[in-house]
Amino acid sequence: MNRVLIVYYSRSGATRALAAELAAKLGADMAAIKEPRSRIGVSGFLRSMLETVRGTLPPIEPPHVDLSAYALVLLGTPVWAGRAASPMRSFLRMTARSLPPTAYFCTYGGSGHDTAFQDMARRQGQRPLATLAVRRRELPPERHADALEAFLTRMAPARQRGAPVEAARHHRAHQE
Ligand SMILES: Cc1cc2nc3c(=O)[nH]c(=O)nc-3n(C[C@H](O)[C@H](O)[C@H](O)COP(=O)(O)O)c2cc1C
């Protein structure tokens, strides 16, 4: 199993694409936050906007993963109304206490990424080790390469801190 997990929510695929790029770079496991109800079309858009503004926490199908098994969890969301998407907020409500150190990433159209990250940190009750915000039009990897490298560099100590645990486990297994 990998030491880094990426948990993301994506309505229209942009955040999923960034999550996949990060997973390939980090050799990380990936898990999507899914929902019982679709958000496609105009009604889905309006519901998303309303939930975010009102602070409604929609029901979600959280990924079946053992968060405590990871040294680092990356949380990815689109920006909705200058906040984290409501399904990511639901995920944070369910898991905030059991999350290992985190880093955040988001995709967005033009503004609101800073307030979205603040929203997540408040709900998690902890600050992330690093953040990465990518505009939708800068999704092609060559257009955000520098920001992504800086993000990976800021997370490096946490990824390495995880390693001795794995090494110790491996060592113990060999002694037993
Ligand atoms: C309901 C809703 C609200 C949004 N609000 C914002 C916003 O406040 N600021 C912004 O820059 N983009 C906003 N967007 C655009 C999305 O953040 C952007 O398209 C994002 O890349 C979508 O990610 P996804 O494809 O993973 O769902 C909004 C999109 C939706 C559906």
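How many nonpolar, polar and charged residues does the shell around the ligand have?

## The ligand shell

In this predicted model, the shell around the ligand has, by class, 8 nonpolar, 11 polar and 3 charged residues. Of the 22 residues around the ligand, those that come nearest are S10, A14, T15, P78 and G109. Two or more residues of this shell are given by each of the helices α1 (14-26) and α2 (41-54), and likewise by each of the strands β3 (72-80) and β5 (102-108).

## Strands β1 and β2

Strand β1, which covers residues 4-8, pairs with β2 in the parallel sense, and the pairing runs over 4 bridges. Within these two strands, V7 stands opposite A31 of β2. Together with α1, the strands β1 and β2 make a β-α-β unit that is right-handed, and α1 is also one of the elements that give two or more residues to the shell around the ligand.

## The position of A32

Strand β2 spans residues 29-32, and A32 lies in it. Is A32 buried, partly exposed or exposed? A32 counts as partly exposed because 18 C-beta neighbours are found inside 10 Å, whereas a buried residue would need 20 or more and an exposed one 12 or fewer.

When its neighbours within four places in sequence are left aside, A32 is in contact with Y8 and P63; of these partners, Y8 belongs to strand β1 (residues 4-8), the parallel partner of β2. A19 is 13 residues apart from A32 along the chain, and the C-alpha atoms of A32 and A19 are separated by 9.5 Å.

Key
Residues are numbered from 1 along each chain as its sequence is written. This is a predicted model: local features need pLDDT of at least 70, side-chain atom pairs count only at pLDDT 80 or more; totals for chains, interfaces and linings use all residues. Two residues are in contact if their C-beta atoms, placed from the backbone, lie within 7 Å. A residue is near a molecule or strand if its C-beta atom, placed from the backbone, lies within 6 Å of it. Ala, Val, Leu, Ile, Met, Phe, Trp, Tyr, Cys and Pro count as nonpolar, Asp, Glu, Lys and Arg as charged, and the others, Gly among them, as polar. Two strands pair if DSSP finds at least two bridges between them. A crossover is right-handed if, with the strands pointing away from the viewer, the path from the first strand over the helix to the second runs clockwise.
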